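Open the structure in your viewer and keep the sequence beside it. The tour goes from one selection to the next and says what is there at each stop.

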Amino acid sequence: MTGSVYVIVGLGAALAGFVQGLSGFAFGLVAMSIWAWVIDPQLAAALAVTGALAGQVIAAVTVRRGFDAGLLAPFVLGGLAGVPLGVLLLPHLDMHWFKTILGGVLVLWCPVMLLSKDLPRITVGGRIADAAIGLGGGVLGGLGGFTGTLPTLWCTLRGYDRDVQRAVIQNFNLSMLAVTLVIYIASGLVTRSMLPMILVVLPAMLLPALLGSRAYVGLSEAGFRTLVLGLLTASGVALLVSAVPELLR
């Protein structure tokens, strides 16, 4: 790979590390919106899971939130069933479809999150609904470390305050990403040839993740949230512009 690819991967890891440190999730979404332009989906997924897991370990140390086993358990149980499904799907991904799906998720999900403060709270479904969301998060985690996407939106729609949501997402992501990485290694999706890229990602995201964690603790999240979700929406549009014409040919 050329030096410019390593630079882009490092920049993507740095931006994703900051966003994850700030919000407790979204490393995979941010990184993949950048990496999908320059590296193949399987490599991008392995890097995203590795970087996201490292970021969650940092967050667990720097941004400690309460652990509510009863609230977390349905999400984790659903996620444990979903991760292997996502890993099974990963080797069969087509690059253009991958970009289209990822871009679609960003374009649809991020504006909803921006408007979610005005949406009614969801109170139905109980633990079964929480487990179903965990299942979806596990599948997305197996596909590339997107474990927090669905649970974060769901917790917001449930009306949880920021710290409760952070506790659920942080602990859910940490457990799901650990399981995903173990499955990746056991199934051979993480190879020795990926080590140079992994050694770029981990140092690149370390300091930004710490800075993001400090920003979360000391500052209001509202302005950062709006900026980050706006940038993610723009990234989704860019991915769709890149991929959809290829699919239509």
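**Stop 1: the cysteines**

This is a predicted model. Select Cys-155 and show its sulfur. Which cysteine sulfur is closest to that of Cys-155? The closest one belongs to Cys-110, and at 16 Å it is too far away for a bond. A disulfide needs two cysteine sulfur atoms within 2.5 Å, and a search of the whole structure finds zero disulfides. Cys-110, accordingly, is in no disulfide.

**Stop 2: the aromatic pairs**

How many aromatic pairs does the structure hold? There are two. For one of them, select Phe-27 and Trp-35. Their ring centres are 6.2 Å apart and their planes stand at 70 degrees, so this pair is edge-to-face. Phe-27 and Trp-35 are both buried.

For the other pair, select Phe-75 and Phe-172. Here the ring centres lie 6.4 Å apart, with the planes at 75 degrees, so this pair is edge-to-face too. Now colour helix 4 (residues 69–89), which holds Phe-75, and helix 8 (residues 162–187), which holds Phe-172. The pair ties together parts that are 97 residues apart in sequence, because its two members lie in these two helices. Phe-75 is buried, and so is Phe-172.

**Stop 3: the nonpolar core**

In soluble globular proteins, nonpolar side chains tend to be buried together. In this model, the largest nonpolar core has 66 residues. Select Phe-27, Trp-35, Ile-39, Leu-47, Trp-109 and Tyr-184, the residues with the most contacts inside this core. Phe-27 and Trp-35 were already on screen as an edge-to-face pair.

Which helix gives the most to this core? Select helix 3 (residues 41–62): it contributes ten residues, the most of any.

Next, centre the view on Trp-109 and hide its neighbours within four places in sequence. What is left in contact with Trp-109? The contacts are Phe-25, Leu-29, Gly-104, Thr-149, Leu-153, Leu-229 and Leu-232.

**Stop 4: confidence**

Finally, colour the model by pLDDT. The protein averages 84, and 93% of the residues score at least 70. Among the elements, helix 4 has the highest mean pLDDT, at 91. The lowest mean, 78, belongs to helix 10 (residues 222–248).

Technical notes
Residues numbered from 1 in each chain as written. Predicted model: local features only at pLDDT ≥ 70, side-chain atom pairs only at ≥ 80, totals over all residues. Heavy atoms only, no water. Phe/Tyr/Trp six-rings, centres within 6.5 Å; stacked < 30°, edge-to-face > 60°. Buried < 20%, exposed > 50% of the residue type's maximum accessible area, 1.4 Å probe, protein only. Helix = DSSP H or I, 4+ residues; strand = E, 2+ residues; numbered from the N terminus. Core = buried A, V, L, I, M, F, W, Y, C linked by side-chain atoms within 4.5 Å. Contact = heavy atoms within 4.5 Å. pLDDT = per-residue confidence, 0-100.
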